[in-house]
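Please look over the sequence and the model shown below before reading on.

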Amino acid sequence: MPGTAEATVSFLARADLDELIQALRAGGRRLIGPTVSDGAIVYDEIQQAAELPHGWGDEQGPGHYRLTRRDDERTFGFVVGPTSWKRFTFPPTVPLWRARRDGTEVSFESAEPEPAPLAFLGVRGCELAALGVQDRVLRDGPFADADFRARRANALIVAVECTTSASTCFCTSMGTGPEVRAGYDLRLTELDEGFLLDAASDAGTAILQRLPVRAATDAEQARASTAVAAVREELGDPVMTDGLRDRLLANLDSPGWASVAERCLTCANCTLVCPTCFCTSVGQASDLDGLDSTAERHWDSCFTPGFARVAGGGDFRARPQDRYRQWLTHKFATWVDQFGTFGCVGCGRCIAWCPVGIDVRQELAAIAPPPESAARSTGVREARFVVRATAPAREPLVQAQASPAPAPVAPAGTGLDFLPAVVRSSFPETADTLTLVLGDVDPAILAARPGQFVMVERPAFPAVPISISRLSEVHLDLTIRAAGFATAELTGLGPGEGVGLRGPLGRGWPIEAAVGRDVVIVAGGIGLAPLRPLVDRVLSERERFGAVRLYVGARTPRDRLFGLDISEWGTRDDVEFAETVDRAGAEWLGRVGVVTHLFDTAEWDGSQAVAFVCGPERMMQAAAATLLARGLAPERVYVTMERHMECGVGLCGHCQLGGFFVCKDGPVFSLAELGDAFGREGL
Amino acid sequence: MSEGPRKPAAADVSWFGADLPSAQRERLAALAREVEFPAGTVISNEGDAVAELGVVRHGRVALRLHVPGKGMLTVLTVEPGDIFNWSGMVAPYRSTSTLVTVEPVTAVLFDAMALREAVAEDAVLGSFVYPRLLRAVARRLGATRLQLLDVFASQAGEPW
Amino acid sequence: MGRPTTAARLRVGVARFTSCGGCQLTLAGLHEALLAVADRVDIVEFAEVLSPRSSGPYDLLLVEGSVSTPDQARRISELRRQARLLVTIGACATTGGIQALRNWSDGDAWRAAVYPQPQFIHALRTSTPISEHVTVDALLRGCPIDPGQLAELVTALLVGRRAQLLDATVCMECKARGTVCLISSQGAPCLGPVTKSGCGAICPAFGRACYGCFGPAHPANVEALKAQFADQGRSDEEIGRLFAGFTANAPAFRANARPPLAVLDQPPVGPEPAARISHGFPGVPPLTASGDDDARQ
């Protein structure tokens, strides 16, 4: 494994470079290294030193990349090209699972990663940092991507310190280069006559020992340091990263977003060349009958038009400027909240490979300018960045607490694999909503907490997130509205048919926070489904709570869910229950009006109460405002958020809301945590 | 308009303000009366001239609109503490919906024309009546807008 | 929709309008995959390949080609009545095709110059996509269409799921392939960033800049790309010709297309067709990605 041990520095003559190549390829390892192809230096498999780009350099600028001929024969006299190592650690297409349907039985088999051992030759400082960034996202969280983890473990890293730079580089600002300090097996620094080499791991040492090297002289080492230091000097410090996260998040309403959106093609090139972008989608490939299917993970991008769409046609980031803002704020602000580092490593690829040459350094300076008082000596390039005025901040509903992201909840047992369950019975709730009662459910899923959800999969269909609407010792209820093909398939299932479940996922309702307090529950439409297990739990331990108030709204009387439960709740004398519908025919003798009117003029004291709210976001906003007006504290009002989910475990990137992954940091959040993210357009 | 027997006691006009000065309170009480309606009473029809505004004390009044081909649809119910027929204070002083009691209702009714005259003559009374009416109408307008958004119709299969 | 019934086999037809026939050939070119499909459906009309003929009804009708004669305008209405699902395939059917370049010209003058008796040539002033005449349930773009997308559409119909047609730009496919971007590395006038994905980015893989045969992406910030081409030194005339290709008549390209020998700045456009792309049957979700804004195309 790559390590950080300080070792002696060796010297390898230029003529002996092929020895290194062959040593890296020994034992059947495939060597990936830089090579000239189609007018660029790309990473591809190479078999001999002659295939390396000796004497080639590059000239890069916004939307501009050209190979140049150097006047020497340097092997690494260029910087990064259009490919990144992501291509080999996180390939464009990876199989995830195989699903089969045989009569009513279903079975699922997760794909086992079997990556070939690889060696990467020529990994720059910024690229090492990128691998480290992706490690945190894909390998070191509560859910790991098995394929990435295996590929990472199987790759030998030969890093190269940069002795040249491009005008698009800004590793110095991001703290990722040009020096290479850790994370490699072997490190190379090029001099005219050869290469300085050192190893930082056993694997690296083993290779080094096979090479015809001698100890490097002090003079050689000094020249190497000087060369790298010269690159640092050239680059200066184009991006002020001190306070950048805060500055960006304070400028979510800047006119700069609309301005860059006028030029942005939303073509997704920036995300695709970026070595740290990790958003993916899941696609199904099946036979004509849907009996045998494979689910595959494909590269996706927050710039694609459907990225933030949900079933039913809603789109949370419909405008190109929202999508650009998502990308930039994720890279330079919310990534810090999520993973503790910036997402950007300063490699400059997004600048060179943007077809219209949008330069993130310039956009950052325009949208989140550093304070005037920051006087630093910087490189020549900073003069290009025009500082524009800041837009006035928007008044948020609730001031966000400066608190870290809530700890994610790991699933109790099933991890990332689908386990089959069987439909025992189904119960139509309304014309388009049906409750499936599942049996043969894995005990780990039955141990779910109220408010958690499962990913539900039928072979050949996409997996969908469905909240658990009732828990019991042997059964799990899922209440599903047929809003798309996958949910229509589920609502069409009969007794005996199988589904795959993955979970339990997400953070459930914090019932403990309500013990000893008055409880207010506000449900709208199908929002009652994830609240029902909460009501079940509270009523089963009724004495632990103060007053219990349950307010339920629906569209029309015929759209009311859980008729039997509602009757029961309405007759209990230890629950204050009220319901309303948006409109009704003349035969309805109950309330008609909005659910907030059930409690906006009530007389109870909300200052110590805890509220749990679930329904369409617009309804939750109204309910939240009313509850705050009734005196509830924002840290005691809990809502659930809805976003597009493909994986349910925080790896595909789709469900992000500001710095949160709705699937693993939520979907339950307090208003205090969400702060301005609640109800902000296009976030 | 059909109604039950009048109650002999003075009507409670505190809906227009618990802190009404006594002169204004008396003036209001003089044009108010408490009434009991059995369930199913049509208090007024859409388009009728409004004779009396009402505040529900107990029970529920449905506001209904007629939609050809669909019959009467209830768009709002008026609960205890809420007002109906406030259009009696605004020209053309006609009911904008059909009001039907869906259960036995006790209401305080205010003579619309007399109230309009009283408010025109007495500015202090006006300073209590209009803000209270405006607040009730604003609350209702907010609700109507949310109902108009039909948020439940566009709900996906999952709230998240 | 939900569960597809196994009782009745789907009746599938293929109809041709003004086109080269290449999209139909793509269907025939599925080879074994076509045989597998033919096992499960009844292909009742596919004149290019099979003898049996039928004028309907169809569960699925694939329509290739644009409408450019009065006869065709009548015929498409009749076919629409016969088809439960009507899917247009190819650039001609979805945008009007290369023949739509005549929309910028004086058709009468051309006819008079070419034909000795032009009065016998019955053609419409314009060549237009099918969606300007009837409601279309789904569409497959391309010149020709991509066989993978066609296979996915048919599979999705049979399985009962939404067809997964990648909704991105050609850039996504270029990068997935590992092709070096022609714009940045050569200053080539590639339309990839504003062109809808689906082809697998074939042309750039051979060093040929994309010419937009799958039609505009949504959104397509054509103005910004145009400005970039101009910055790179291309003339207005050159840029105008770039957009005057197989999908010139698509609204996002149309405004910037300048076919050679055009006499009009803009082709005549009829009144905005109201929601010509259906969003599924009542109670049935749309066949392709929801929000696929082709009504605005």
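**Interfaces in a predicted model**

Between chain C and chain A of this predicted model, 16 residue pairs are in polar contact, both partners at pLDDT 80 or more, a polar contact being a pair of N or O atoms within 3.5 Å of which, within protein, one must be able to donate a hydrogen and the other to accept it, while residues adjacent in sequence count only if both atoms are side-chain atoms. Residues are numbered from 1 along each chain as its sequence is written, and chains are lettered from A and ligands numbered from 1 in the order in which they are written. Because the model is predicted, local features need pLDDT of at least 70 and side-chain atom pairs count only at pLDDT 80 or more, whereas totals for chains, interfaces and linings use all residues, and side-chain values use heavy atoms, with hydrogens and water left out.

**Chain C against chain A**

- The contact (heavy atoms within 4.5 Å) involves 43 residues of chain C and 56 residues of chain A.
- About 3,700 Å² is buried between chain C and chain A, with 57% of it given by carbon and sulfur atoms; buried area is the accessible area (1.4 Å probe) that two parts lose on being put together, summed over both.
- Two salt bridges are counted between chain C and chain A, where a salt bridge is a side-chain nitrogen of Lys or Arg within 4 Å of a carboxyl oxygen of Asp or Glu.
- The side chains of R40(C) and D289(A) form a salt bridge with an N to O distance of 2.6 Å.

**Domains of chain C**

- An automatic or database domain assignment divides chain C into domain 1 (10-159) and domain 2 (170-254).
- The centres of domain 1 of chain C and domain 2 of chain C, taken over C-alpha atoms, are 25 Å apart.
- In the contact between these domains, 17 residues of domain 1 of chain C meet 15 residues of domain 2 of chain C.
- The area buried between domain 1 of chain C and domain 2 of chain C is about 1,300 Å², and carbon and sulfur atoms give 60% of it.
- On the side of domain 1 of chain C, T95(C), R141(C) and C143(C) lose the most area to domain 2 of chain C, together 41% of what that side buries.
- The rule finds one salt bridge across the interface of domain 1 of chain C and domain 2 of chain C.
- R254(C) and E132(C) are joined through their side chains in a salt bridge at 4.0 Å, N to O.
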